[in-house]
Amino acid sequence: MTRKVRKIIREKEIGGKCKITIKKFKGNFKSEEEALKVGAEPYEIEEEIFPWELEDIFLNDGINAIWTLVCGGTETAFSSANAHICIGDGTTAEDASQTGPQGSNYTYLPMDDGYPQYGSGQKAVFKATADGNTANHGWQEFLIANGNTTSAKHINRKVVDKGTKPSGETWVVQIELSLS
């Protein structure tokens with residue numbers, strides 16, 4: 001099987017970035033680890049790094065939730081039990097006032113075991129798997145939420161077309177948000 005690896009970097013010397021990596025596997029798996037264990041290799045890996053400033057990617061509600069948590073207030077944490085990656089088909093440009101997905105089709109994916117990862121490298125890394133029966137729609141908007149509904153707080157929203165996930169394939173998405 002031919003494996004396609006595509007890396008697109010739009011990096012500048014600025015204070016933060018959003019990195020989205022998608023690994024695509026033929027077959028129905030519950031995780032990347034399960035796929036690799038049976039010898040499946042991703043047929044395509046896409047990695048894209050987007051520079052940003054807070055108002056371009058982070059959403060107001062998410063920023064407020066983060067500061068509430070930092071200052072010891074009451075808010076739902078973006079923990080392994082609560083965090084989800086929302087994948088949708090919305091193509092409306094990002095705006096800080098948005099509060100969730102903008103498309104008509106979207107799926108909230110729970111964190112893979114061991115995620116999110118945080119506490120070093122000035123970043124948080126979120127990873128989730130869409131098995132062969134899940135999120136079979138356009139992958140055009142990417143959000144991190146502290147729940148699995150549109151009423152959850154969403155940290156960010158990035159619009160970039162990564163294709164339409166077909167039934168029977170497993171796609172693993174990893175989103176890394178960093179500040180420096």
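Visitor: Why does Cys71 count as exposed?
Guide: This is a predicted model, and every value here is computed from it. Cys71 has a relative accessibility of 64%. The label exposed applies over 50%, so Cys71 counts as exposed.

Visitor: What makes Cys18 count as buried?
Guide: Buried means under 20% relative accessible area. Cys18 is at 1% relative accessibility, so Cys18 counts as buried.

Visitor: How many disulfides does the count come to?
Guide: The count comes to zero disulfides. The rule asks for a pair of cysteine sulfur atoms within 2.5 Å.

Visitor: And how many aromatic pairs?
Guide: The count is four aromatic pairs. One of them joins Phe25 and Phe29, with 6.5 Å centre to centre and 70° between the planes, an edge-to-face pair. Phe25 and Phe29 are both buried.

Visitor: Why is the pair of Trp139 and Phe142 called edge-to-face?
Guide: Ring centres must lie within 6.5 Å to pair, and planes over 60 degrees apart count as edge-to-face. For Trp139 and Phe142 the centres are 6.3 Å apart and the planes are at 70°, so the pair is edge-to-face.

Visitor: Are those two residues buried or exposed?
Guide: Trp139 has a relative accessible area of 0% and is therefore buried. Phe142 is also buried, with a relative accessible area of 0%. Trp139 and Phe142 form one aromatic cluster with Trp171.

Visitor: What lies over the face of Trp171?
Guide: Lys24 does, at 4.1 Å from the ring centre. Likewise, Lys158 lies over the face of Phe50, at 4.4 Å from the ring centre.

Key: Residues numbered from 1 in each chain as written. Predicted model: local features only at pLDDT ≥ 70, side-chain atom pairs only at ≥ 80, totals over all residues. Heavy atoms only, no water. Buried < 20%, exposed > 50% of the residue type's maximum accessible area, 1.4 Å probe, protein only. Phe/Tyr/Trp six-rings, centres within 6.5 Å; stacked < 30°, edge-to-face > 60°. Lys NZ or Arg CZ within 6 Å of the ring centre and 35° of its normal.
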